[in-house]
Amino acid sequence: MVRSAAGGMPTLLALALVILVVVGYAAAHPQGNLAPNPSFEEGTAFPQGWRAEEWPDVSITWDSEVVHSGKRAMKWTFPVSPSYYGCAIPMNVLASDPIDVDEDATYQLTVWARSASIDGWSAALHVNFRVLDSAGGLIGAIGDLPVYPGSQWKSASITVGPGGERSWLKGTAKVSILLINGAEGQWGADCPSQSLSLWADDVSFSLAAPRPAATPTLTPRPWPTPTPPPHGQIINCPLPGKWALAYYNGPGASLDDVQAACPFPIDAAFRIDRDWQLWRRYFRQRPEISNLGRLWNGEGLLVLGSSSLRAASHDQTTPQPLGQMYDCPRPDMWAISVWLGDPAAAIEEALATCLTGVAAAYWIDPYSQIWSRYFAGRPDISDLKTAAGGAFLTLGTRP
Ligand SMILES: [Ca+2]
């Protein structure tokens, strides 16, 4: 009897240890589906835990007609319009609230999608992660997982982390899941006559067992545009009474709404439409003579700082290293192009991310008001060397 009781003790202790270890592991690594509101069922006006990052001409709606499970799914409706490069689509981003992750752990993301075909075109879903540090600061993006669904629901999965198909960026502490609309059609085909529709439902994001990278389950396809980070700020604000080439970094907003982030008010702002070469203008507190409209992410502006001083917190952030020049000029036309990338990059490297050639780029020093210039192939007369200025007045190469 005594032997039996004594013999039972180690077993009980071992069981207690096992329970402690399991509980400890679960606390450090939450189990189950970490995606918020993963089937988009909960919320009032819009599914809670998700938000739409606005772009023009696109709508993300909370659909109750086409669903994969439950009563709701997300629906994108967007036009495919003729553009200089062929057919172009406005993108709209559905972003989840940030989710805590451990960069030493491997996670699997699965999303279901469905689309409708029009004139040989079909909507596609692009899945990315916005990667944040523990303070919520942007580190970068991981993607792109494209889903090319059809009229039937189709899922795609990706694993990220040690042994996964992709790796976390150094310092990853939180991620937002980004669902972005895309489209594919036959090369050279006419753009579709009607808007495309895309649906997504049942997002699953959970811890995965690491597996060898030798068994990938997806074939990456090229996708040209990284998603710029939303900050809702004017970068490179002007000094009082001086000009600057600034740009806006955030979801759609009016200059009145976002200029408070600059230390001095912006009295005037100008932007050039790179297709039509039309200038639009903004004058502070003069809406009757302003026609600038809404600012969109990565949009460059020629701005004039007000000579009336205003105390304000100076809260600018550095452009994030995405490595892409936005709003590149059309051939033989002017544009205000914006570099979202390493400020130390050579100006030639930054301009080389444009699909068409850039013959000249100009930058005005907001302090000295001195212009620097770059001419392709003419280092002898170019004094603009790096992309640190952020926004540049650019001229496309003559065809
Ligand atoms: Ca659902």
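Two strands pair if DSSP finds at least two bridges between them, and that is the sense of "pair" in the legends below for this predicted model.

Figure 1. Of its 399 residues, 38% count as buried. Looking at contacts between residues at least 6 apart in sequence, 72% join residues at least 24 apart.

**Figure 2. An open antiparallel sheet of 5 strands.** Follow the strands across in the order β20-β21-β24-β22-β23. β20 (324-326) and β23 (371-375) are the edge strands; each has a single partner, so one side of each is left without a neighbour in the sheet. From one strand to the next, the twist averages 30°.

**Figure 3. Strand β24 between β21 and β22.** On one side, β24 (residues 391-396) pairs with β21 (residues 334-340) in the antiparallel sense over 5 bridges. Here you can find Ser337 with its bridge partner in β24, Phe392. β22 also pairs with β24 in the antiparallel sense, over 4 bridges. For Ala361, the bridge partner in β24 is Thr394.

**Figure 4. Strand β22 and its surroundings.** Of the 7 residues in β22 (residues 358-364), 5 are buried, so this strand is largely enclosed by the rest of the structure. A residue is buried here if 20 or more other C-beta atoms lie within 10 Å of its own.

**Figure 5. The hairpin of β22 and β23.** These two strands pair in the antiparallel sense over 5 bridges, and Tyr362 has Arg373 as its bridge partner in β23. Between the strands lie 6 residues. Do look for Gln369 in this hairpin, which takes a positive phi near 65°.

Conventions:
Residues numbered from 1 in each chain as written. Predicted model: local features only at pLDDT ≥ 70, side-chain atom pairs only at ≥ 80, totals over all residues. Axes fitted to C-alpha atoms, helices over the stretch in contact; angles between N-to-C directions. Buried ≥ 20, exposed ≤ 12 C-beta atoms within 10 Å, placed from the backbone. Contact = placed C-beta atoms within 7 Å.
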